[in-house]
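Please keep the structure open while reading.

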Amino acid sequence: MGFLRLGALRSQVDDQTLAQLERVILTRMQGERSFRLQLHRGRFQSSEPVTVSPEQPIIFAFDAEFEPPIDERMAAEMLEEIEITGGLHVVVA
C-alpha cells in the first residue's frame, strides 16, 4: 500500500491503482492541463475533490520494491473520463 500526496490530499492507495494514477496525472501535466480528482474508499467514504495542476507538488510513494505494470486500457479509460467530465473519481483500496 503506497500513498499519494497532492496538495492537501494525503491518501493511502494500493500500488496498482497508484501506478495508473501516476501515468494519468503525469500525462495530463505534460499538456499542462489541470483536472479534478476525488478518491473514494467504498460507497460512503471519499476525499474532498482536489485540483491537480502542474503548479502543485505531487508525491507518488510505492510500497513495493518495483512499480507495478501499467494497465494501458485502464489508463486510457481514466484519461477519457477526465476529457468527458473534467475530473476523475477513483476507488482506492
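## Valine 52 and its surroundings

Valine 52 touches Leu6, Ile25, Met29, Arg33, Ser34, Phe35, Leu37 and Ile58, leaving aside residues up to four places away in sequence. The model is predicted, and these contacts are read from it. Valine 52 sits in strand E5. Its relative accessible area is 0%. The cut-off for buried is under 20%, so valine 52 is buried.

One of the contacts can be given as a distance. Valine 52 and serine 34 are 18 residues apart in sequence. In space, their C-alpha atoms are 5.3 Å apart.

## Serine 53, next along the chain

Serine 53 lies in the loop between strand E5 (50–52) and strand E6 (58–61). Is serine 53 buried or exposed? It is buried, with a relative accessible area of 13%. Serine 53 touches Met29 and Ser34, again not counting residues up to four places away in sequence. Met29 and Ser34 are also among the contacts of valine 52.

## The sheet

Three strands form an open sheet. Their order is E2-E1-E6, and the pairing is antiparallel. Strand E2 (9–13) and E6 stand at the edges. Each has a single partner strand, so one side of each is left without a neighbour in the sheet. From one strand to the next, the twist averages 10°. H1 packs on this sheet and touches E1, E2 and E6. The direction of H1 makes about 150° with that of E6.

Strand E1 (residues 2–6) is joined to E2 by five bridges, and the two run antiparallel. Leucine 4 has serine 11 as its bridge partner in E2. Phenylalanine 3 stands opposite glutamine 12 in E2. Two residues lie between the strands in the hairpin of E1 and E2. There, glycine 7 takes a positive phi near 60°. E1 also pairs with E6 in the antiparallel sense, over four bridges. Arginine 5 has isoleucine 59 as its bridge partner in E6.

## Two faces of the strands

In a regular strand the side chains alternate between the two faces of the sheet.

## Two glutamates in loops

Glutamate 32 is placed in the loop between H1 and strand E3 (35–41). Its phi is near 55°, a positive value in a residue other than glycine. The relative accessible area of glutamate 32 is 64%. The cut-off for exposed is over 50%, so glutamate 32 is exposed.

Glutamate 67 is found in the loop between E6 and H2. It is partly exposed, with a relative accessible area of 45%. Glutamate 67 touches Glu22 and Phe62, not counting residues up to four places away in sequence. Glutamate 67 and leucine 18 are 49 residues apart in sequence. Their C-alpha atoms are 9.0 Å apart in space.

## The helix pair

How do the axes of helix H1 (residues 15–30) and helix H2 (residues 72–85) cross? They come within 9 Å and cross at roughly 50°. H1 and H2 are therefore oblique to each other. Their crossing is right-handed.

On the H1 side, the contact is made by Gln20, Leu21, Arg23, Val24, Thr27 and Arg28. On the H2 side, these residues meet Glu72, Met74, Ala75, Met78, Leu79, Ile82 and Glu83. By type, the residues of this contact divide into seven nonpolar, two polar and four charged.

Notes: Residues are numbered from 1 along each chain as its sequence is written. This is a predicted model: local features need pLDDT of at least 70, side-chain atom pairs count only at pLDDT 80 or more; totals for chains, interfaces and linings use all residues. Side-chain values use heavy atoms; hydrogens and water are left out. Axes are lines fitted to C-alpha atoms, for helices over the stretch in contact, and angles run from 0 to 180 degrees between N-to-C directions. Angles under 35 degrees count as roughly parallel, over 145 as roughly antiparallel, 65 to 115 as roughly perpendicular and the rest as oblique. A crossing is left-handed if the near helix is turned anticlockwise from the far one by less than a right angle, and right-handed if clockwise. Contact means heavy atoms within 4.5 Å. Ala, Val, Leu, Ile, Met, Phe, Trp, Tyr, Cys and Pro count as nonpolar, Asp, Glu, Lys and Arg as charged, and the others, Gly among them, as polar. Buried means under 20% relative accessible area, exposed over 50%, partly exposed in between (1.4 Å probe, protein chains only). Two strands pair if DSSP finds at least two bridges between them.
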